[in-house]
Amino acid sequence: MSDKVSSADNQQGSYFLIKKNNPSETTRRSPLEQKVLSKNEAYAYLHGAMHDASLNKIRRIRFGQKYPEWLNTIKGLLKFVGANSWMYKEGKNRNFYILETVCKDLHFTFNPVKLTTNRGKVAYIRGFFDAEGGIPRTSKEFYIQLVQKNLRKMKVLKKMLVNLGIHCGKIHNPSKRADQNYWRFFISRSSHKEFAVIIGSWHPIKAKIFLERMMI
């Protein structure tokens, strides 16, 4: 994939609002430690995060990730909603971890349009970003991108962000030669801080980058 698609760290994995007194402290804490999360919000986040999951042959939802810390967040959220899950390292020589669950209330066909509250929408977008978003670790130019192969979902996601007051760039295909069904859009530079504060991240790498680069 060309330019920023390949250079962005898709670091797959803190619910906080602008009105929080100390958003940087909130970013460091897990959603369950903050004790501000409802089960509906937990499900919304999990459905967003499922964009980095798959369904295996025996109908287990399977998250794969090189950061076990984020999978532990997923595991905690699943426990919070009353669902069991288990995690293991895949292969002896691979730095890759798997979390599986048979939670019956999670569906790959989930439609975020059904979310009626801003808190639910924020949680869903955060889960989507942690699964399919990218921000640079070291590049001097800071950007926030969201990527996905489903154009319809990208349009819905962009509309949700705009309704939350976050400005977005045009949805586009970075390289039709590489993948004609691969779509992305950037968060406008004027809304970087709003995204970091309103949406934020529960992924250990992305949350740290927001703290360091956006000084929230």
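Student: How many salt bridges does the count come to?

Tutor: Six salt bridges. Keep in mind that this is a predicted model.

Student: OK, which side chain does Glu90 meet in a salt bridge at 2.3 Å?

Tutor: That's Arg62, with 2.3 Å from N to O. Glu90 sits in the loop between strand 3 and strand 4 while Arg62 is in strand 2, so the pair ties together parts that are 28 residues apart in sequence.

Student: What about Lys149, what does it form a salt bridge with?

Tutor: With Asp179, where the closest N and O atoms are 2.9 Å apart. Lys149 is in the loop between strand 6 and helix 7, and Asp179 is in the loop between helix 7 and strand 7. Lys149 is exposed at 53%, whereas Asp179 is buried at 16%.

Student: Switching topic: what order do the strands of the open sheet have?

Tutor: The four strands go 1-2-4-3, with antiparallel pairing. Strand 1 and strand 3 are the edges, each pairing on one side only.

Student: Which helix packs on that sheet?

Tutor: Helix 5, residues 68-80, which touches strands 2, 3 and 4. The direction of helix 5 makes about 10 degrees with that of strand 4.

Student: Last one: where does pLDDT stay under 50?

Tutor: Over residues 1-28. The mean for the protein is 84.

Key: Residues numbered from 1 in each chain as written. Predicted model: local features only at pLDDT ≥ 70, side-chain atom pairs only at ≥ 80, totals over all residues. Heavy atoms only, no water. Pairing = 2+ DSSP bridges. Helix = DSSP H or I, 4+ residues; strand = E, 2+ residues; numbered from the N terminus. Contact = heavy atoms within 4.5 Å. Axes fitted to C-alpha atoms, helices over the stretch in contact; angles between N-to-C directions. pLDDT = per-residue confidence, 0-100. Salt bridge = Lys/Arg side-chain N within 4 Å of Asp/Glu carboxyl O. Buried < 20%, exposed > 50% of the residue type's maximum accessible area, 1.4 Å probe, protein only.
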